[in-house]
Amino acid sequence: MNQTDTTSIGDVPAETTGTTGVQPCWLLKSAKAMKLGKHAEGAIYYQILTDSQRQAPSFKIVSNEGGGYFSKEVVAFDSIESCLAAHPQDQPFPSKLLQLAFAGRSSNNAGFLAAILRAEGLLALAPDTEGRHVISGDWAAWKASVLAEPGQLLESEPVDKEEKAEDKEASTPAADEKDPPRRAKK
C-alpha cells in the first residue's frame with residue numbers, strides 16, 4: 001500500500017509516494033514522452049529524481065501539453081515495480097494497472113506514467129492489442145544506469161516556470177492539477 005508523506009526541501013513543500021517516504025533531492029533527468037491515446041495530442045514532461053543515497057529512482061510528471069488532470073506527486077520506481085510484480089511479464093496489460101502507484105486519483109495518471117515508461121524503454125506496445133503494454137527492456141540495468149547519472153543537487157523541489165508563477169497566487173497546490181486549456185489562434 002502506498003503512503004503519502006508531505007515533507008519539504010528548503011522552503012518548498014513536496015509530496016512523496018511509496019513505502020520509503022524519502023524525499024528526492026537529486027534531479028537525474030528531465031524529459032518528455034508523447035501521449036499514447038489514439039486521439040491524444042502533445043507530450044508529458046517528466047523528471048527522474050532520486051534520494052540522497054542515490055538508491056531509488058522516482059518519477060514526477062511536471063506538465064502536460066494540451067491540458068488534462070494529473071497528480072504532481074513523486075512516484076517511487078519500487079511502487080511501479082510492485083504494481084507489475086504479480087502480472088505475467090509476457091502478457092499485455094492496460095495502463096490502469098499502474099494507477100496503484102499513485103496516491104492521487106486522476107484517471108490520467110496511469111496513462112501518463114505508461115507513456116513515460118515507454119519513453120524510457122521499460123514498456124512497449126503490446127502486439128495485436130490496442131492500448132495495452134508489455135514489459136520490455138532490462139529494468140535492473142535501466143535503474144543502475146539512471147542512478148549513475150551525475151544529476152543536479154536540488155535545494156528545493158524541482159518546478160517548472162509555470163508552477164513558480166502559480167505558487168505566487170496559491171499558497172498550497174491541490175494534489176491533482178490541470179494545466180490551463182490552450183486557446184486556438186484566430
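I searched the whole structure for disulfides (pairs of cysteine sulfur atoms within 2.5 Å) and got 0. Cys-25 is buried, at 14% relative accessible area. Cys-83 is buried too, at 13%. Buried means under 20% relative accessible area, exposed over 50%, partly exposed in between, with a 1.4 Å probe and protein chains only.

This is a predicted model: local features need pLDDT of at least 70, side-chain atom pairs count only at pLDDT 80 or more, and totals for chains, interfaces and linings use all residues. Residues are numbered from 1 along each chain as its sequence is written, and side-chain values use heavy atoms, without hydrogens and water.

I checked confidence next. Mean pLDDT (the predictor's confidence in each residue, from 0 to 100) is 78 for the protein. 71% of its residues reach 70 or more. Helices (H or I, at least four residues) and strands (E, at least two) are DSSP runs, numbered from the N terminus. Over residues 1-20, pLDDT stays under 50. It also stays under 50 over residues 158-176.

Last, I traced an open sheet of 3 strands, order 8-10-9, antiparallel. Strands pair if DSSP finds at least two bridges between them. Strand 8 (93-94) and strand 9 (123-125) are the edges; each has a single partner strand, so one side of each lacks a neighbour in the sheet. I found 3 bridges between strand 9 and strand 10 (residues 132-135). Leu-125 stands opposite His-133 in strand 10.

Terms used:
Contact means heavy atoms within 4.5 Å.
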